[in-house]
Each structure stands twice: as structure tokens, then as C-alpha cells.
Amino acid sequence: MPARGGNLRQKLSTAAFSFLLLVIGGSASIAHAEPIVPADYKLVWSDEFEVDGLPDETKWVYDIDHNRQGWFNNEKQYYADRRRENARVENGNLVIEARADAAEISKFPDWGQQQYSSARLRTLGKASWTYGAVEVRAKIPCGRGTWPAIWMLADDKTTPWPDSGEIDIMEHVGFDPGKVHFSLHTKNGNFITHTETTAVKSVATACTEMHRYQLRWTPGLIVMGVDDQRGFSFKRPTLKRADWPFDGPFHILLNIAIGGDWGGQKGIDPNALPARMEIDYVRVYQKPGS
């Protein structure tokens, strides 16, 4: 089952500006200067969030599977289904909003005693991809206790997490504002065993301005960064699926978690809520003929 974060996560620092962490047996090197989304890739899917109201249900579904029993990593939120207070399109942006509204959500039949509400959207069953590039332009919350994420999971539900793989294009914890994390999780490298492949990049205006969070994913290399400034790269180390489960379809997830083993390490600031992640667009590109 998918789980993210942890109170002992080991985060590797990247140099500022155009330096790249290249993880090949623990070594690092400087990035090449090409853009993260190659110019010859073509747009194959997008949501520009142009129509006000609930998110487009031809593109997004709500992940509510663990509301009753509680979410992973000891997170404190209830993920709502089709609730405008938590997920809506307005003024050209998707807004995912976390709220402290236990009295209201306690009326829902799958409520699990949570004190906070939020939303977790995914494209599972609507769209998924094997290889390509993803770009999400977003502004994220910085309140203590918030844990926004832009990430991908495998469609394959027969293989348990972390064997099935996870790609974290952006994670941010509010007690450490302006530090954007990129991570991969596999059977042989994951936060449970403190062996995940991960990097952090400083984005000083992450919570006040829109930025482009980006992924390029090929059969042998995964690169991630912000505004074409690369912060992470992982070269396929072996042909073993335990090291590289990234050869099948993955879908996109967008959410704000509250608290948890990582996001809640410094507690939850009640004045930080409501907290919003605003997303201008989500775009997926692929190389023609791939």
C-alpha cells in the first residue's frame, strides 16, 4: 500500500541554481543545461482548469479509500468526495484546500474521527502513462503541519507498495518552508528502510508564487526539478524490478495531507488552516512514437 514520508527520512541536499544530484551508486555530478521537458515532446494530456466548479470527473477521481480506518503515516486528514470546500476549480486554478472542520465532516458515513478535511485527487482509471514528462504549475501552502504533494503511483494493484514504485515530483512540509523534496521509492530503496533516493531544493517563493514542478521519465533515467532548474536525477542501476519498477503505467495524484510522521513532526499550527494548494495546470508530454 502506498505510504509516504517518515520521521527518519534521509534528505540529500542539492546545490542551488542549475546543479543536479545524479544518483548513481551515491555519486553526484553537475547537470547538463537542457530543459526538463524536452522540446520535441508533444502534449498528450492536460487539465487547464478553465471551468469553475468541481474538478473534471472525466479526468479526476477522489481517493477516499482509507477514511474510515485512517490514512498512512499517521496523517490526520479526512479526504472528502466531491466537496467544494476541499476541491474546486475557480479563477482558472484547481484549489485543494485543507480545513479544520471536524463538526461538518463528522456527518459523513466514512468519517474516521479526523479533525481536518482535505482532498486527494488522482487520474487512476482515467489516464496513466509509461514514460514521458509531467509539468504541474502550482503554489503550495507553508503552514506548519501541512504536507502537499504532487506524485505518481503505479496502476498495478497486484504488487504491494513499495515494490510497485512511487515517484514524488514535489513534496513539501510546512515546518521547513521553501524546501521542495523529490523522491523515488522502490523495493530496494524506500523510506521504511531509510534507503529511498531523495533530494531537496530550495524554492524561496514556493508558497507565494506559482512554480513549474517537473518530471522527465525515460526507460533509463528519471529527472525532476523546478522551473527547468534540476534538483534530482536517478539513473537506472540494474534491470531488477526491485531497483527500477518504473516500466509500467503510472497515474498522477494531487493532495494536501495534514500532520503525520513527517508533516507533523513540529505539530499542526491551527492558524495555518485553511491551507490551499493552487494549481494552474497539469500537463503530460511524451516523445512522438514512444
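**Close-up views of a predicted model**

Cys207 is partly exposed, with a relative accessible area of 21%. The views below are drawn from a predicted model.

**View A. The disulfide between Cys142 and Cys207.** Cys207 is joined to Cys142, the two sulfur atoms lying 1.7 Å apart. The link is right-handed, with 65 degrees about the S-S bond. Distant parts of the chain are connected by this pair: Cys142 belongs to the loop between β9 and β10, Cys207 to the loop between β13 (197-202) and β14 (211-217), and 65 residues separate them. Cys142 is likewise partly exposed, its relative accessible area being 25%. The structure contains 1 disulfide in total.

**View B. The surroundings of Gly145.** Gly145 is located in the loop that runs between β9 (132-139) and β10 (146-154). Its relative accessibility is 0%, so Gly145 counts as buried. Beyond residues up to four places away in sequence, Gly145 touches Ala257, Ile258, Gly259, Gly263, Gly267 and Ile268. Lys266 stands 121 residues from Gly145 in sequence, yet their C-alpha atoms are 7.1 Å apart.

**View C. Met152 in the largest nonpolar core.** This core comprises 51 residues, and Met152, Ile167, Tyr213 and Ile222 have the most contacts inside it. When neighbours within four places in sequence are set aside, the residues in contact with Met152 include Trp129, Val134, Glu166, Ile167 and Ile169. Also among them are Leu215, Trp217, Phe250, His251, Ile252 and Leu253.

Key:
Residues are numbered from 1 along each chain as its sequence is written. This is a predicted model: local features need pLDDT of at least 70, side-chain atom pairs count only at pLDDT 80 or more; totals for chains, interfaces and linings use all residues. Side-chain values use heavy atoms; hydrogens and water are left out. A nonpolar core is a set of buried Ala, Val, Leu, Ile, Met, Phe, Trp, Tyr and Cys residues joined through side-chain atoms within 4.5 Å. Buried means under 20% relative accessible area, exposed over 50%, partly exposed in between (1.4 Å probe, protein chains only). Contact means heavy atoms within 4.5 Å. Helices (H or I, at least four residues) and strands (E, at least two) are DSSP runs, numbered from the N terminus. A disulfide is a pair of cysteine sulfur atoms within 2.5 Å.
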